[in-house]
Amino acid sequence: MFDDLAASVTFIQENQERFLELLTEHLQLTILSVVIGLLIALPLAVIASRIELLAKPLTWLAAIGQTIPSLAILGLMLPLLGTGFVPSLFALTIRAILPIFLNGYVGIRATDPAIVDAARGMGTGNAQLLLMVELPLASPVIFAGIKTATVQNIGLATLAAFIGGGGLGDLILQGLAMVDAPVLLAGAVPVALLAIVAELGLGRLQRVVVPAGLQSATQ
Amino acid sequence: MITLEHVSKTFTSHGQTVTAVDDVSLEVGEGELHVLIGPSGSGKTTTMRMINCLETPTGGRITVDGRDVQTMNVVDLRRGIGYVIQQGGLFPHFTVADNVAVVPRLLGWPRQKRRQRAEELLALVGLPPELFADRYPRQLSGGQQQRVGVARALAADPPIVLMDEPFGAVDPITRKQLQRELRRIQAEVRKTIVFVTHDIAEAFLLGDRIVLMAEGRIVQNATPADLLRNPADPFVTSFIGEDRGLRSLRFTSLAELAGPAPPGARPNGMILPGTLSILDAGRELAAHRDAAGDGIWVGDTTGQPIGYLTFQQFATVLGESLGDDAETPHDETAHAIHH
């Protein structure tokens with residue numbers, strides 16, 4: 001095991017350029033999918049929290065989407081989008097939408113009714129209620145959704161290799177195909193480390209982003 | 001000034017039509033504090049919430065300063081009406097000063113003016129701004145949060161304030177304190193206030209008028225003194241008498257409360273013996289509903305007048321004492337008389 005690890009470090013050193021390229025692709029896939037996912041999921045969550053009728057279908061859709069294996073999404077999209085970076089990004093974005101949407105919807109709905117009542121009674125318009133009250137109050141929960149999506153997509157992005165989307169999954173596939181543990185680990189270990197770094201880093205970021213008055217409530 | 005003309009509110013729940021408010025007419029004069037009181041489900045909160053359009057009446061008309069609220073822009077209407085609720089409803093992510101300045105912020109006041117106004121109001125409600133302005137709501141006690149709630153309602157200096165059981169969720173000692181503070185503040189700012197409560201003591205202490213509601217209707221709308229003297233029906237009597245705090249009034253006698261008689265006045269109407277407890281005196285008054293004058297003469301055992309107590313004082317004392325087991329009635333009443 002330790003031999004394999006040492007060998008994989010050597011492999012990375014010897015193939016530095018390729019490794020960095022794959023790492024960059026991996027990060028691009030993850031970050032882009034989460035950002036696009038956020039841009040789609042948050043408005044959907046707001047709509048669901050506003051229009052009671054849409055809330056249920058959207059949550060169901062989200063829940064069902066979450067249960068379809070990512071590999072299956074990749075396979076299903078193959079005839080439509082072909083292979084490469086874009087379809088991989090598409091599949092990962094779908095997976096990023098779900099946790100962010102669910103957390104956003106739940107977070108907004110969980111706003112203390114007394115606070116909403118007070119805000120309305122003081123004369124906040126719809127947009128003000130959302131921007132001044134509901135979204136800031138839901139921000140810890142929304143942020144947790146973003147964290148989940150990010151960590152999850154760091155792992156899922158390895159599957160992009162199956163359809164030529166690049167990323168560290170390339171090394172894992174290569175290692176599997178050639179029964180070469182050091183190469184496999186050269187892909188797998190950095191992915192695991194990335195997930196841990198993302199978890200910790202986003203935790204830090206949360207303390208900056210979430211309003212000060214809510215800080216103790218989130219810990 | 002607020003007027004309600006034959007206002008009703010019905011809604012459908014599980015296919016059944018429920019009448020929450022039934023033909024309520026009310027006039028709240030400028031600078032007056034009207035207490036809406038009644039058991040839960042009496043429609044008092046719904047009635048109040050229709051004034052700032054948080055609920056829409058299904059019948060009748062509500063006007064504020066002569067303008068039908070239904071025809072007004074709700075956002076503008078609400079920004080001109082202070083609003084305090086039981087659970088505080090403070091924004092946890094805003095500092096205390098920012099919470100107070102929410103409406104000024106919505107109205108687009110410049111930052112510095114908002115801050116200055118917030119500090120003024122915190123001082124008014126007894127929270128020194130240098131200590132409290134930059135705290136967050138979670139760092140305050142329940143009573144302090146309610147003070148911030150009151151300050152917030154007054155921030156943009158609205159002529160009207162609606163208060164929905166603002167002190168209902170705090171402990172009895174704090175509640176009594178907040179009630180006294182509100183009375184002091186109201187004497188200073190003279191807002192037109194509609195105050196919802198189910199606490200009869202609070203109603204007596206604060207109300208210029210008490211509007212007693214049951215099952216969506218107004219049972220009696222009277223000054224506190226009149227409510228005591230002329231309860232409209234047995235429901236009113238029982239509602240006034242229901243409070244267990246009345247028991248403490250058994251131990252305070254009229255003689256302890258009575259002030260000197262107004263110079264030159266002669267006893268007219270009834271003279272009650274000074275040994276009578278406040279509670280019994282209340283019953284006596286209720287039994288003689290057409291008692292003349294504006295107060296009670298207090299006599300010694302031989303019937304010679306030794307003091308005088310206005311009905312207003314009497315009502316205030318009742319309000320101060322009712323529902324308050326935490327302090328002795330004597331201290332309470334002494335406080336009431338000297339103020």
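**View 1. Packing of helix α2 (residues 16-50) of chain A against helix α9 (residues 181-209) of chain A in a predicted model.** The two helices pack at an angle of about 40 degrees with their axes 12 Å apart, where axes are lines fitted to C-alpha atoms, for helices over the stretch in contact, and angles run from 0 to 180 degrees between N-to-C directions. Helices (H or I, at least four residues) and strands (E, at least two) are DSSP runs, numbered from the N terminus. α2(A) and α9(A) are therefore oblique to each other, given that angles under 35 degrees count as roughly parallel, over 145 as roughly antiparallel, 65 to 115 as roughly perpendicular and the rest as oblique. On the α2(A) side, A:Phe19, A:Leu23, A:His26 and A:Leu27 meet A:Ala186, A:Pro190, A:Val191 and A:Leu194 of α9(A), contact meaning heavy atoms within 4.5 Å.

This is a predicted model in which local features need pLDDT of at least 70 and side-chain atom pairs count only at pLDDT 80 or more, while totals for chains, interfaces and linings use all residues. Residues are numbered from 1 along each chain as its sequence is written, chains are lettered from A and ligands numbered from 1 in the order in which they are written, and side-chain values use heavy atoms, with hydrogens and water left out.

**View 2. The open sheet of chain B.** Four strands of chain B are arranged in the order β2-β1-β4-β5 with antiparallel pairing, two strands being paired if DSSP finds at least two bridges between them. The edge strands are β2 (16-28) and β5 of chain B, each of which pairs on one side only. Nine bridges link β1(B) with β2(B), and B:Ser13 stands opposite B:Gln16 in β2(B). Strand β1 (residues 2-13) of chain B is joined to strand β4 (residues 59-64) of chain B by five bridges, with B:Thr63 as the bridge partner of B:Thr3.

**View 3. The hairpin of β4(B) and β5(B).** β4(B) and strand β5 (residues 67-68) of chain B pair over two bridges in the antiparallel sense, and B:Arg67 is the bridge partner of B:Val64. Two residues lie between these strands, and B:Asp65 in the turn has a positive phi of about 50 degrees.

**View 4. The interface between chain A and chain B.** Here 21 residues of chain A are in contact with 23 residues of chain B. The two chains bury about 1,900 Å² between them, 67% of it on carbon and sulfur atoms, buried area being the accessible area (1.4 Å probe) that two parts lose on being put together, summed over both. A:Asp117, A:Met122 and A:Met132 supply 34% of the area that chain A buries against chain B, more than any other three residues.
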